[in-house]
Amino acid sequence: MLRRPRRNRKSEAVRNLVEETSLSVKDLIFPMFLVDGAKKKVAIDSMPGIYRYSIDTMLREIESCMKLGIQAFDVFPAYPDSLKDTIASESYNPETFYLKALREIKKEFPELCLMSDVAMDPYSSDGHDGLVKDGKILNDETLEILARMSLAQADAGVDIIGPSDMMDGRVGYIRELLDESGFTDTSIMSYTAKYASAFYGPFRDALDSAPKFGDKKTYQMNPANSQEALVEGDLDTEEGADFLMVKPALSYLDIIKLLNDNFPLPIAAYNVSGEYSMIKASAEKGWIDNDRAMLEVLLSIKRAGAKVILTYFAKEYASLLR
Ligand code: PBG
């Protein structure tokens, strides 16, 4: 035998030399959940280890994450039903707790990279990402609301706007309004290929944002499709996106690779709530090893071609390295 691939696996030192993919805390964005009020840290039953924070406790949590080397955070708000309406008007109310919190985070930690979420669902009494009329999700009428929301978030100091709604044309629409308003440096990480997935379940519990009727299949992508991700990638690139995101990550590693092979923009992948909870639940039962499974999952997303990973494991991963 001339070729013996096992020679390159014979010791840890040799294995390290030939290792093709490396993962760093710097690749990660930590998604966090915000609630109104003070001194709150409320556990989310379906996501062990993840909490809803009020702004004061969130600032301390961000500080402890930053000490571990995490430098990017994506904040999602959980709104009470009393503040929801059909047009998501709370989303661009300058006094709303989400925008005030974003401002405070950037003020206390100007060096961190702050990402925000743009979609109607946390503020919508219909629980959909777009405006609803006669049971239909309207596209063009939604764009104006998304753009107002984006502008308010950019004004609050957000570094990266994350449109997660899957409306057509929103990246261009948002880009134009941001530029006209002087926010030429505010980046857009587009949820480019966001699939209609069962793996968002725990997130919708966390935010209490499940759709009040129907599903999201008229705007989120069909899990059966990959060519369509190229169409979305073309549009987002033309419309001025700075990052292209694939979501969820694990059932869509082929899509991550497809976009990375076809577009020069950095690819991000969202390791979503259900993917996190599956590992947590089976580890709690003693069926798999939490840390090894976490490392393998994150590495596989990176190997597939993601430059950036949004993951609820961010803090745990960073702590494990210490
Ligand atoms: C909605 C949004 C969702 C997630 C992020 N933004 C859920 C959905 O589309 O219903 C899911 C994140 C996760 O599951 O971790 N705008």
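Me: Before we look at this one, what is a disulfide?
Reply: A disulfide is a covalent bond between the sulfur atoms of two cysteines. In this predicted model, a pair of cysteine sulfur atoms counts as a disulfide when they lie within 2.5 Å.

Me: How many disulfides does the whole structure have?
Reply: A search of the whole structure finds zero. Cys-65 takes part in no disulfide, and the nearest cysteine sulfur, that of Cys-113, is 14 Å away.

Me: New topic. Which residue does the "binding site" annotation cover?
Reply: The UniProt annotation, from an unreviewed entry, covers Glu-232. Glu-232 belongs to helix α7, residues 227-238, and is buried, with a relative accessible area of 14%.

Me: What is Glu-232 in contact with?
Reply: Apart from neighbours within four places in sequence, Glu-232 is in contact with Met-166, Thr-192 and Met-221.

Me: Now the helices. How do α9 and α10 cross?
Reply: The axes of helix α9 (residues 273-284) and helix α10 (residues 290-304) come within 9 Å and cross at roughly 160°. The two helices are therefore roughly antiparallel to each other.

Me: Which residues make that contact?
Reply: From α9 they are Ile-279, Lys-280 and Ala-283, and from α10 they are Asn-290, Ala-293, Met-294 and Val-297. The crossing of α9 past α10 is right-handed.

Key
Residues are numbered from 1 along each chain as its sequence is written. This is a predicted model: local features need pLDDT of at least 70, side-chain atom pairs count only at pLDDT 80 or more; totals for chains, interfaces and linings use all residues. Side-chain values use heavy atoms; hydrogens and water are left out. UniProt positions are given in the numbering used here, feature names are shortened, and annotations may be inferred rather than shown by experiment. Helices (H or I, at least four residues) and strands (E, at least two) are DSSP runs, numbered from the N terminus. Buried means under 20% relative accessible area, exposed over 50%, partly exposed in between (1.4 Å probe, protein chains only). Contact means heavy atoms within 4.5 Å. Axes are lines fitted to C-alpha atoms, for helices over the stretch in contact, and angles run from 0 to 180 degrees between N-to-C directions. Angles under 35 degrees count as roughly parallel, over 145 as roughly antiparallel, 65 to 115 as roughly perpendicular and the rest as oblique. A crossing is left-handed if the near helix is turned anticlockwise from the far one by less than a right angle, and right-handed if clockwise.
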